[in-house]
Amino acid sequence: MKNRWYKEAIFYQIYPRSFKDGNGDGIGDIKGIISKIDYLVELGIDAIWFSPLYASPNSDYGYDISDYKAINPEYGTMEEFDEMVKLLHERGIRVVMDLVINHTSDRHEWFEQARSSRDNPYRDYYYWADGRGKDGIKPPNNWTSFFLGSAWQYEERTNQWYLHLFDKNQPDLNYFNPKVMGEIKEILRFWLDKGVDGFRCDVITLLSKTKGLPNGRPGIALVGSEHYIDGDRMEEYLGQLQEVLSEYDAFTVGESVFITVPKALRYTIEGNEYLTTVFSFDHTAADNFFGIKQLSKKFSLRHLKKSVRVWQQGLYGKSWNTLFWENHDQARIVGRYVSAEKNRVEGAKLLATVLMTLSGTPFIYQGQEFGTTSARFADLDDYKDVETFRSYTTLRKIFGKNGAMKRIRYCSRDNARTPVQWDASNNAGFTDGDTTWMKVNPNYVTINAEAAELDPDSVLHYYKKLIALRKSDKAFVYGTYRDYYKNSRKLMVYERESEYGTLFVVCNFANKSANFTPPKSMAKNGEFHLVTSNYGDSPSELQATKLRPYEAIVYKLNK
């Protein structure tokens with residue numbers, strides 16, 4: 001297994017609309033991002049994944065693209081984008097764009113043409129079909145959308161239905177038509193020629209649909225998913241993308257729905273990579289399945305440990321993992337896996353410890369580095385996310401208004417999309433204007449980047465410490481994984497062994513004390529010394545101890 005730059009890199013995700021407003025209109029933009037480059041450099045990151053910056057009508061805030069070769073005017077100009085890339089590269093930070101090619105906006109020129117008539121040259125860029133039943137009033141098949149409801153939308157103009165696996169404003173592209181792949185290749189070259197270093201590939205494993213689009217098995221959450229997840233032509237399509245990507249040695253990370261270790265190896269095994277790596281969502285708890293938030297189930301440490309074990313042991317030496325807690329589609333981790341009220345700082349540091357001591361490439365989501373929590377707005381009018389509104393409509397029928405809102409508050413993607421809390425000034429320092437595109441989390445007065453900078457014991461400074469450790473000691477990056485206390489509901493304990501040394505990590509996921517005794521096998525390995533801890537006075541050597549709430553300790557074997 002080769003050492004590669006991305007394996008030793010720290011990535012940071014920016015959701016542009018909410019990162020920093022540079023012109024006072026209440027919407028994050030490129031000028032705002034540029035103004036925070038020093039902050040990102042000081043954090044220690046090596047690459048940024050930008051959620052979509054492209055032109056978009058914002059039905060899904062950038063994941064509905066109307067022009068792949070244009071910057072959303074709300075975010076700035078192409079000249080400003082070029083300047084940002086130049087400045088980031090000068091500071092040693094790579095740029096990864098979001099590649100959204102399963103679907104476009106319904107306002108993309110291709111779709112505007114396609115919907116105009118059945119014989120338009122762009123018609124077959126998308127999936128169109130006659131309806132079922134008398135007068136074709138039923139959708140062509142029984143597939144359901146990730147955003148709930150039918151995956152089909154009727155178009156009166158041509159008396160046919162079009163496929164949309166997400167919102168009705170996001171029609172799916174038809175890769176049975178080779179012209180579509182030709183267009184995508186041009187888009188890749190456009191951005192790579194601008195100096196972009198790679199792509200995060202949105203829902204990439206949905207490109208291959210079963211020919212004929214047959215009905216799916218009834219009675220499952222996503223009816224029809226067996227016909228559009230990891231289809232039989234995925235290698236062919238990814239191989240065609242690689243024809244361009246390989247010319248530029250571009251990095252790719254795939255968002256892959258319901259991915260398993262065997263499927264991940266299918267795409268990422270070293271020596272025959274269709275994608276550099278993929279995101280697995282197994283560990284993101286049992287309260288959702290790929291963005292469809294239905295039930296607020298309690299966090300399960302055993303579920304987390306099993307997922308970590310499966311992916312760490314399943315990929316290491318064959319492929320490469322990604323590591324993340326948060327992104328633009330997940331509610332904030334503080335308040336889900338650890339308490340947002342009691343011992344928040346220690347809990348956030350514990351999660352940082354796990355993130356930075358596993359094998360894989362860590363991704364930090366904006367604001368995570370200083371312990372941002374979910375806003376959990378009580379009023380539906382305070383939300384902006386299309387998925388939230390569609391889910392609420394369905395959930396209200398099942399659970400009633402109060403039950404639906406309980407689930408929305410806990411799970412809505414907007415919990416991660418509130419403006420970044422930069423300081424305690426008006427609107428959290430996100431904008432100099434009077435308003436923000438979305439409400440700011442009210443706790444910004446106490447939880448913000450400036451306060452964290454001033455506090456040497458803050459979550460932010462602990463992230464900086466862990467990032468520096470990971471960069472200085474490759475034992476944090478590489479190594480096999482062996483876990484202990486597998487059935488414990490409180491302790492997560494694991495050993496990482498490589499040519500660079502052996503780490504031993506002890507974490508108490510309980511918000512109360514827990515007893516820890518080192519495994520007997522550790523006595524044979526010699527003395528372990530303290531490397532770091534989220535408490536200032538953890539034992540300097542590996543030994544039996546009473547762990548405090550959310551205590552996390554990293555030891556290393558003395559050579």
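Which residues is Phe81 in contact with, leaving aside its neighbours within four places in sequence? This is a predicted model, in which local features need pLDDT of at least 70 and side-chain atom pairs count only at pLDDT 80 or more, while totals for chains, interfaces and linings use all residues. Residues are numbered from 1 along each chain as its sequence is written, and side-chain values use heavy atoms, with hydrogens and water left out.

With contact taken as heavy atoms within 4.5 Å, Phe81 meets Ile30, Leu53, Ile71, Met97, Trp191, Lys194 and Val196. Phe81 also belongs to the largest nonpolar core, which has 143 residues. Such a core is a set of buried Ala, Val, Leu, Ile, Met, Phe, Trp, Tyr and Cys residues joined through side-chain atoms within 4.5 Å; buried means under 20% relative accessible area, with a 1.4 Å probe and protein chains only. Phe81, Trp191, Phe199 and Met492 touch the most other members. A second, separate core of 19 residues includes Tyr127, Phe146, Leu165 and Phe166.

Next comes a sheet. Strands are DSSP runs of E with at least two residues, helices are runs of H or I with at least four, and both are numbered from the N terminus. Two strands pair if DSSP finds at least two bridges between them. The sheet is open, with 5 antiparallel strands in the order β14-β15-β16-β20-β18. Its edge strands, β14 (480-484) and β18 (528-533), each pair on one side only. β18 pairs with β20 (residues 552-557) over 5 bridges in the antiparallel sense, and Phe528 stands opposite Leu557 in β20.

Helix α13 (residues 459-472) packs on the sheet, touching β18 and β20.

Terms used
Buried < 20%, exposed > 50% of the residue type's maximum accessible area, 1.4 Å probe, protein only. Axes fitted to C-alpha atoms, helices over the stretch in contact; angles between N-to-C directions.
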